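Here is a short briefing for a reader who is meeting this structure for the first time. Please look over the sequence and the model, then read on by topic.

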Amino acid sequence: MLDYPALAALAQIIRRGSFEAAAASLGVTPSAISQRIKALEERMGEVLVHRGPPARGTDRALRLVQHLDQVLMLERALTGETGPVHLRLAVNADSLATWFPPAMTALDTLYDLVVDDQDHARDWLRQGQVAAALSSDPQPVPGCDAIALGKMRYRAMAAPAFAARHFPDGPTAEAFAAAPAVIFNHKDAAQARWAQSVTGQRLHLTGHMVPSSEAFARAVELGLGWGMIPQAMIRPGLVPLAALPLDIPLYWHVQRALKPALSPLTAAIRKRAAAELRP
């Protein structure tokens with residue numbers, strides 16, 4: 001049996017960044033928090049908190065906190081009690097910048113969002129660090145269900161002057177080799193995937209790393225490079241490099257044990273997806 005007061009202390013340390021702040025939030029002394037964590041670490045046989053500052057949890061600690069959050073959410077669903085419960089989700093940045101936020105109002109909870117590429121968001125669920133995830137992978141994690149939502153459409157866009165200078169003959173392999181792309185991060189394969197579909201060649205693109213959906217689109221508008229922008233975020237003044245779009249399917253992966261508790265959120269996500277994504 002896990003020590004749930006110790007898990008509560010661990011959760012507050014990770015969320016607030018210090019033992020002192022955790023103690024204040026729980027109404028106990030910092031010494032009491034230290035004792036709880038020491039006992040928990042001895043029981044688990046490993047360090048759970050990197051003392052910092054700021055204090056940070058290990059992977060095992062994050063899984064323990066996720067377990068606590070799930071227990072509290074299930075208890076709330078069974079008892080009908082109200083109060084702050086944390087819900088950790090993995091969401092891709094472009095969904096968060098466009099259609100996803102209104103769905104979050106369906107559940108009275110405190111969200112803790114992990115932003116990751118849609119091709120990798122499912123990994124957080126597999127590691128036990130989130131309760132649900134938006135992913136492009138249709139294969140459900142064991143113990144989870146995957147619900148098809150639709151496809152998010154992207155288009156390869158550039159500023160007119162950039163396109164005229166770097167792509168005078170259209171999107172050729174030679175042009176891609178010389179023209180800088182705008183890339184979200186090292187996990188972002190959208191630009192390379194689209195370039196390969198256009199040229200029939202596997203290309204190694206170089207360019208600017210811009211890990212923000214809004215800043216990514218702005219960098220393209222300013223002529224820093226070309227990039228795959230969600231259709232919902234394309235502003236007037238940009239030009240497409242070709243008519244061919246890139247459609248990325250999205251699936252809502254949710255832990256089966258939490259499915260009833262998360263049903264209002266799931267229903268809202270499906271409704272938003274039906275209105276904003278392509279079938």
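## A salt bridge to start with

Asp247 and Arg153 form a salt bridge, with the closest N and O atoms 2.7 Å apart. A salt bridge here is a side-chain nitrogen of Lys or Arg within 4 Å of a carboxyl oxygen of Asp or Glu. The pair links distant parts of the chain: Asp247 is in strand β11 and Arg153 in strand β6, 94 residues apart. The model is predicted: local features need pLDDT of at least 70, side-chain atom pairs count only at pLDDT 80 or more, and totals for chains, interfaces and linings use all residues. Residues are numbered from 1 along each chain as its sequence is written, and side-chain values use heavy atoms, with hydrogens and water left out.

**The two partners**

- Asp247 is partly exposed, with a relative accessible area of 29%.
- Arg153 is buried, with a relative accessible area of 17%.
- Buried means under 20% relative accessible area, exposed means over 50%, and partly exposed lies in between (1.4 Å probe, protein chains only).

**The chain as a whole**

- The chain has 11 helices and 11 strands.
- Helices (H or I, at least four residues) and strands (E, at least two) are DSSP runs, numbered from the N terminus.
- The C-alpha trace spans about 70 × 40 × 30 Å along its principal axes.
- Of the 279 residues in the chain, 46% are buried.
- Take the contacts between residues at least 6 apart in sequence: 71% of them join residues at least 24 apart.
- Contact means heavy atoms within 4.5 Å.

**Domains 2 and 3**

- The domain assignment gives domain 1 (4-57), domain 2 (86-150 + 249-276) and domain 3 (152-247).
- These bounds come from an automatic or database domain assignment.
- The centres of domain 2 and domain 3, taken over C-alpha atoms, are 27 Å apart.
- Domain 2 gives 15 residues to the contact, and domain 3 gives 12 residues.
- About 1,000 Å² is buried between domain 2 and domain 3, and carbon and sulfur atoms give 52% of that area.
- Buried area is the accessible area (1.4 Å probe) that two parts lose on being put together, summed over both.
- On the domain 2 side, Asp94, Thr98 and Asp117 lose the most area to domain 3, together 38% of what that side buries.

**Links across that interface**

- The rule finds two salt bridges across the interface of domain 2 and domain 3.
- Five residue pairs are in polar contact between domain 2 and domain 3 (both at pLDDT 80 or more).
- A polar contact is a pair of N or O atoms within 3.5 Å; within protein, one must be able to donate a hydrogen and the other to accept it, and residues adjacent in sequence count only if both atoms are side-chain atoms.
- On the side of domain 2 that touches domain 3, α5 (93-97) and β11 (246-255) are the elements that give two or more residues.
- The largest share of that side, four residues, comes from α5.

**Other salt bridges**

- The whole structure holds 14 salt bridges.
- Arg15 pairs with Asp69 in a salt bridge, with the closest N and O atoms 2.4 Å apart.
- Arg15 lies in helix α1 (residues 4-16) and Asp69 in helix α4 (residues 59-79), so the pair ties together parts that are 54 residues apart in sequence.
- Arg15 is partly exposed, with a relative accessible area of 28%, whereas Asp69 is buried at 5%.
- Arg126 and Asp123 form a salt bridge, their closest N and O atoms being 3.7 Å apart.
- Arg126 and Asp123 are three residues apart in helix α6 (residues 121-126), so about one helical turn separates them.
- A network of salt bridges links Asp145, Arg256 and Lys259.

**Arg88**

- Arg88 lies in strand β3 (residues 86-91).
- Arg88 counts as buried because its relative accessibility is 15%.
- The Arg88 side chain reaches the backbone oxygen of Gln129 at 3.2 Å.

**Two cis peptide bonds**

- Most peptide bonds are trans.
- Gly52 and Pro53 are joined by a cis peptide bond, with omega about 10°.
- The bond from Pro53 to Pro54 is cis, with omega near -10°.
- Pro53 sits in the loop between β1 (49-50) and β2 (56-57).
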